[in-house]
Amino acid sequence: MSFLGLPLVPLLALFAGAAGVLTVLYLLRQRRRRIEVPFARLWQKVARQTESTTLWQRLKRWLSLLLLLVILALLVGSLGDPRLSSSEKGRTVAFLIDATASMQATMGDSDGAARVTRMDRAREEARRLIRGMAGDDLGVVVVLDGQPAPVGGLTGDERDLLLQVDGLTARDGPGDLPRALRLCGDLLAGRKNPQIVLISDGGFADEALSAAPAALSAAPADPSAVAPRLLYLPVGSALPVGPAMPVTPMGNDAPAASGAFVGNVAITAFSVRRYRHNRLSYEVLLELASFPQEGATPRPAQVVLELLQEGEIVDVQKLTLAPGQRTQRLYPNLSGSGLHLEARIHLSAGRDLLPLDDQAYALLPERRRQRVLLVTGGDLFLEGALLSASAGEESQLQIDKVRPAAYDGAQAARYDAVIFDGFTPKVAPETNTLYLGPEGEGSPVPIAEMLASPYITDVAHDHPLLRWVTLKDVNVSRTAVFRLEPGDVAVASMLKQPLVVARERRGEGEGAFKMTRTVVVGFDLRHSDLPLRVAFPVLLVNALDWFSGDVAADARSYATGHTWRIPLSGATDRATLALPDGSTVPVPVHDGHALYHGQRVGFYELRPGETGPRPAAGSSPAAGRVLLSANLSDPTESAVRTRRQLRIGGAIGVNGVGRREGTLLAAPDIGRSALKREIWPYLVLLGLLLLCLEWWTYHRRWTV
């Protein structure tokens with residue numbers, strides 16, 4: 001037996017002190033009783049009584065005191081929270097509760113009247129399992145989301161586990177099942193009879209299910225430790241009844257109107273970009289998908305799609321989506337003030353199971369005026385491409401041109417970007433720069449050698465410089481080959497020899513820093529046919545957009561359930577992030593990037609080193625502040641798939657077709673009949689019973 005409450009020595013001291021006080025009170029209580037009699041003969045008998053000193057009378061007195069001391073010992077002992085030692089049959093259970101976005105899908109109760117979520121059902125099932133734990137079982141609650149973590153420690157306290165379960169809420173992103181299983185394995189390593197009970201709708205990707213056995217086997221640090229047994233308890237629209245599970249009504253989805261769609265319609269993509277020649281106008285691309293409920297009759301979905309800017313409706317469309325259909329909608333030539341865009345959908349008739357992905361959020365890139373200095377001896381192709389990019393009354397691009405002999409480094413540092421055409425200064429300016437054919441020691445990226453008649457074999461397709469740009473068929477007569485430094489990116493190479501390099505560096509000065517970017521093209525434009533190709537002006541525009549930070553429509557759009565790296569433009573080692581609900585949290589800053597694991601969809605605002613209030617809707621962010629948008633962007637979660645049975649370890653077939661069946665997970669048992677380890681309630685109950693017995697014997701004159 002162990003004492004988890006007060007230690008044994010304080011308990012003994014408390015008992016000794018209380019027993020002394022109780023003995024004194026008991027001695028003071030001993031006095032003759034007043035008895036009323038109906039006639040004199042009995043009165044005379046009582047009057048002649050003397051204080052008896054027989055052994056029986058003494059025993060009655062000591063018995064009364066002993067009974068009171070036993071009651072006191074029981075009450076004091078309960079303060080120590082004594083518990084029985086665990087047996088070999090005791091289990092150590094990790095309750096792995098799915099808290100991903102699909103657990104927000106709605107469902108009905110047994111009569112289809114109430115609208116509860118799968119997360120509500122998961123909490124209910126977790127409570128049922130916890131209440132069924134045996135007295136020598138230990139449990140721990142683990143939340144399964146993008147960052148799996150235990151809610152508390154291993155404990156046999158039923159109340160503590162129930163409180164942990166009551167505090168769980170579903171997140172707005174996907175989960176990491178292999179990582180969660182490894183965590184549970186580490187928590188259960190070295191424990192007796194380890195079990196993991198997965199309470200989920202089973203909406204995991206096939207890759208995660210295939211990796212589950214490897215995650216379980218790699219979890220225990222001790223190779224001789226017993227691997228935990230993985231069990232599965234499904235929650236959703238239709239639940240199986242395992243051999244050890246009682247038959248209880250777990251609920252079905254509430255029926256929709258006859259002939260109406262039942263399933264989930266989701267916004268799976270939302271992107272926006274401004275036009276280069278008119279920065280006041282923009283276009284929007286939306287993608288919608290229909291996911292009918294498994295087991296329901298496939299029916300088309302009648303959808304109303306709304307596009308809003310700063311809360312005002314811009315456009316409304318009515319669409320019909322066939323079961324399983326994906327469709328895209330393009331909104332060209334839109335305009336308006338404000339940066340916040342929102343898309344909403346709702347069904348004209350039927351039931352949408354997951355309201356979370358019925359809304360999507362995006363931000364318009366800010367309209368930034370960019371001053372560019374062109375240092376060139378004269379190149380009509382280059383000047384013509386820049387002239388076309390800066391044409392139009394609404395253009396945010398201003399081009400100034402100087403010859404190399406008139407170049408001034410101090411003046412160049414005041415520009416947003418500088419383009420060096422066939423000229424390489426000895427000292428690079430502290431701003432964004434584009435070098436075309438650098439030479440000598442002034443090259444920002446060291447030149448390893450010169451190469452004749454190269455051909456480009458490798459390109460970094462995902463780099464912002466190469467949006468809609470193809471370089472593989474460019475003809476070059478002579479180029480420099482660069483030697484990369486840490487942080488450099490080879491945008492274009494010939495057999496791993498870098499020919500075009502991009503670099504990001506954090507420059508400091510006057511107590512502030514800014515991110516400077518550099519693009520180095522190893523060949524002079526006059527020594528290639530690149531200026532004759534459509535790719536050339538696009539490459540220039542991409543470079544200028546990258547310098548200004550306006551590199552893509554989704555540059556400030558993030559997916560929930562992942563860790564975000566948000567670039568900052570101010571010298572700070574701390575930042576504050578304003579969440580969609582208006583609250584703020586501090587976020588760490590590393591190497592010029594704020595790090596945050598996003599769990600909720602909506603609009604965010606990153607404030608470097610400050611905690612001020614959020615600006616009014618529709619206003620531009622203050623200097624240094626960064627606006628963000630976050631969306632679910634996960635078709636696996638939007639599919640709201642439910643698995644009545646779950647198999648792990650199956651192999652995916654070639655090209656994703658076919659699958660080898662894995663191990664079928666069993667259902668958990670509810671519990672074994674056994675005494676609870678906590679025995680203080682029994683001590684208190686026994687003390688109350690003895691107190692009642694003492695009261696009854698006192699009035700029966702058996703005790704004094």
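Modeller: A residue counts as buried under 20% relative accessible area and as exposed over 50%, with partly exposed in between. The model under discussion is predicted.

Biologist: Which residues of α4 are buried?

Modeller: Helix α4 covers residues 118-131. An α-helix has 3.6 residues a turn, so residues three or four places apart point the same way. Under the 20% limit, the buried residues of α4 are Arg118, Met119, Arg121, Ala122, Arg123, Glu125, Ala126, Leu129 and Ile130.

Biologist: How far apart are the end C-alpha atoms of helix α4?

Modeller: The helix has 14 residues, and at 1.5 Å a residue these should span 20 Å. The expected span uses one less than the number of residues. The model agrees with this expectation, because the end C-alpha atoms of α4 are separated by 20 Å.

Biologist: What share of the residues of the chain count as buried?

Modeller: The chain contains 12 helices and 36 strands. Its accessible surface comes to about 34900 Å², and carbon and sulfur atoms hold 56% of that area. Of the 704 residues, the share that count as buried is 46%.

Biologist: Is Ala94 buried or exposed?

Modeller: Ala94 belongs to strand β3, residues 92-98. Beyond its neighbours within four places in sequence, Ala94 is in contact with Val140, Cys184, Leu188, Gln195, Ile196 and Val197. Its relative accessible area is 0%, so the class of Ala94 is buried.

Biologist: Which residue joins its side chain to that of Asp357 in a polar contact of 2.8 Å?

Modeller: Asp357 occupies the loop between β16 (350-352) and β17 (359-363), and it counts as buried because its relative accessibility is 2%. With residues up to four places away in sequence left out, Asp357 touches Asn264, Val265, Ala266, Ile267, Ile345, Leu632 and Ser638. The side-chain polar contact of 2.8 Å is made with Ser638.

Biologist: What distance separates the C-alpha atoms of Asp357 and Arg344?

Modeller: Asp357 lies in the loop between β16 and β17. Arg344 is 13 residues from Asp357 along the chain, and their C-alpha atoms are separated by 8.8 Å.

Biologist: Which side chain is joined to Thr327 by a polar contact of 3.2 Å?

Modeller: Thr327 sits in strand β14, residues 326-335, and its relative accessible area of 13% is why it is classed as buried. Leaving out residues up to four places away in sequence, Thr327 touches Leu286, Glu287, Leu288 and Leu321. The polar contact of 3.2 Å joins its side chain to that of Arg329.

Biologist: How are the planes of Phe420 and Phe423 placed: stacked, edge-to-face or tilted?

Modeller: The count of aromatic pairs comes to 10. For Phe420 and Phe423, the ring centres are 6.1 Å apart and the planes stand at 50°, so the pair is tilted.

Biologist: Which residues form one aromatic cluster?

Modeller: Phe420 counts as buried because its relative accessibility is 0%. The cluster to which it belongs is formed by Tyr407, Phe420, Phe423 and Tyr435.

Biologist: What is the angle between the planes of Trp546 and Phe547?

Modeller: Both Trp546 and Phe547 are buried. Their rings form a tilted pair, 6.2 Å centre to centre, with an angle between the planes of 35°.

Biologist: Is Leu495 buried or exposed?

Modeller: Most residues other than glycine have a negative phi. Leu495 has a positive phi, near 50°, and is placed in the loop between β25 (489-494) and β26 (497-509). Its relative accessible area is 52%, so Leu495 is exposed.

Biologist: What is the relative accessible area of Val640?

Modeller: Val640 also has a positive phi, near 40°. It is found in the loop between α11 (635-638) and β35 (647-648). Val640 is buried, because its relative accessible area is 7%.

Key: Residues numbered from 1 in each chain as written. Predicted model: local features only at pLDDT ≥ 70, side-chain atom pairs only at ≥ 80, totals over all residues. Heavy atoms only, no water. Helix = DSSP H or I, 4+ residues; strand = E, 2+ residues; numbered from the N terminus. Buried < 20%, exposed > 50% of the residue type's maximum accessible area, 1.4 Å probe, protein only. Phe/Tyr/Trp six-rings, centres within 6.5 Å; stacked < 30°, edge-to-face > 60°. Polar contact = N/O pair within 3.5 Å; in protein donor to acceptor, adjacent residues only side chain to side chain. Contact = heavy atoms within 4.5 Å. Areas by Shrake-Rupley, 256 points an atom, 1.4 Å probe, with all protein chains shown as cover.
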